[in-house]
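Hello,

Here is the structure I said I would pass on. My notes on the helix packing, the sheet and the charged pairs follow below it.

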Amino acid sequence: MTETVSFGYSEVSPTEKTAKVGEVFARVARRYDIMNDAMSGGMHRVWKDRFVARVKPRAGERILDMAGGTGDIAFRMKAKGADVTVSDINPAMLEVGQERAQKKGLNGLSWSVQNAEVLSFGDAEFDAYTIAFGIRNVTHIDKALREAHRVLKRGGRFFCLEFSTTLWPGFADIYDFYSHKIVPKLGKAIAHDEESYRYLIESIRRFPDMERFKSMIADAGFIQAKAEPILGGLVAIHSGWKI
């Protein structure tokens, strides 16, 4: 039987998903940060601050920020003195990130086009691996987790910020209406791309819940896999350690 993977609510071949996701982010790259503010009411900034506080980047550490695109996480970690490599499969997203860094006067960041499932980096190169709102778009999540484990040093830490499934009664229904009915319309009005944002919402619904994703992190070889829910699990910070 031919392998299929989810692309939103559709089932497609792995190759087709990779291509389609690439097309989505190429289309939304220039409006990506504006849309993040619009969709979350600016809350994504608070979530990212909390995420980086959990990572605890330190001066001189080598950190790989995967799916780092427009640089939001990398800029925060660079401010702490970390040596950050920003990687993304999509060159258009990295281009936006580099332009933003230049405008901010931020130097010293490395930028690299990378597929999270097959990284070009050697074994045990990084002290930490971060990925924020990106892993749900990876075609084979298990492969990406194993690659994260491979490129980390012993004692290295993995941190992932991703949408999940809120467990708060009532709030789940409100968010479900908002995400499926309102967000695509915001995408149409602001990014001039309703379909891409419909996919992005559908991709959240297809992503494993907190317990299942925590198990996947453990299966990739990490110890002390944890999930820290935000807004009842609407967003979650996942983490694990390599020994």
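**Helix packing**

Helix α2 (residues 32-40) packs against helix α7 (residues 171-191) at an angle of about 145°, with the axes 10 Å apart. α2 passes α7 in a right-handed crossing. On the α2 side the contact is made by Ile-34, Met-35, Ala-38 and Met-39, and on the α7 side by Tyr-178, Val-183, Leu-186, Gly-187, Ile-190 and Ala-191. These residues divide into nine nonpolar, one polar and no charged.

Before the rest, the basis of these values. This is a predicted model, in which local features need pLDDT of at least 70 and side-chain atom pairs count only at pLDDT 80 or more, while totals for chains, interfaces and linings use all residues. Residues are numbered from 1 along each chain as its sequence is written, and side-chain values use heavy atoms, with hydrogens and water left out.

The terms are as follows. Helices (H or I, at least four residues) and strands (E, at least two) are DSSP runs numbered from the N terminus. Axes are lines fitted to C-alpha atoms, for helices over the stretch in contact, and angles run from 0 to 180 degrees between N-to-C directions. A crossing is left-handed if the near helix is turned anticlockwise from the far one by less than a right angle, and right-handed if clockwise. Contact means heavy atoms within 4.5 Å. Ala, Val, Leu, Ile, Met, Phe, Trp, Tyr, Cys and Pro count as nonpolar, Asp, Glu, Lys and Arg as charged, and the others, Gly among them, as polar.

The axes of helix α6 (residues 141-151) and helix α9 (residues 210-219) come within 9 Å and cross at roughly 50°. The two helices are therefore oblique to each other (under 35 degrees is roughly parallel, over 145 roughly antiparallel, 65 to 115 roughly perpendicular and the rest oblique). The crossing of α6 and α9 is right-handed. Ile-141, Asp-142 and Leu-145 of α6 meet Phe-213, Met-216 and Ile-217 of α9, a set of five nonpolar, no polar and one charged.

α1 and helix α8 (residues 194-206) have axes that come within 10 Å and cross at roughly 125°, which makes α1 oblique to α8. This crossing is left-handed. Lys-17, Val-21, Val-24, Phe-25, Arg-27 and Val-28 in α1 meet Ser-196, Tyr-197, Tyr-199 and Leu-200 in α8. That contact divides into seven nonpolar, one polar and two charged residues.

**Sheet**

Seven strands form an open sheet of mixed pairing, in the order β5-β4-β3-β6-β7-β9-β8 (two strands pair if DSSP finds at least two bridges between them). β5 (110-113) and β8 (223-230) stand at the edges with a single partner strand each, so one side of each has no neighbour in the sheet. The twist averages 15° from one strand to the next. Strands β6 (residues 126-132) and β7 (residues 152-163) pair in the parallel sense over six bridges, and Ala-128 stands opposite Arg-157 in β7. Helix α3 (residues 43-55) lies across β6, β7, β8 and β9 (235-241), running at about 165° to β7.

**Salt bridges**

With a salt bridge taken as a side-chain nitrogen of Lys or Arg within 4 Å of a carboxyl oxygen of Asp or Glu, the count comes to 24. One of them joins Lys-20 to Glu-16, with the closest N and O atoms 4.0 Å apart. Both residues lie in helix α1 (residues 14-28), four residues apart, about one turn of the helix.

Regards
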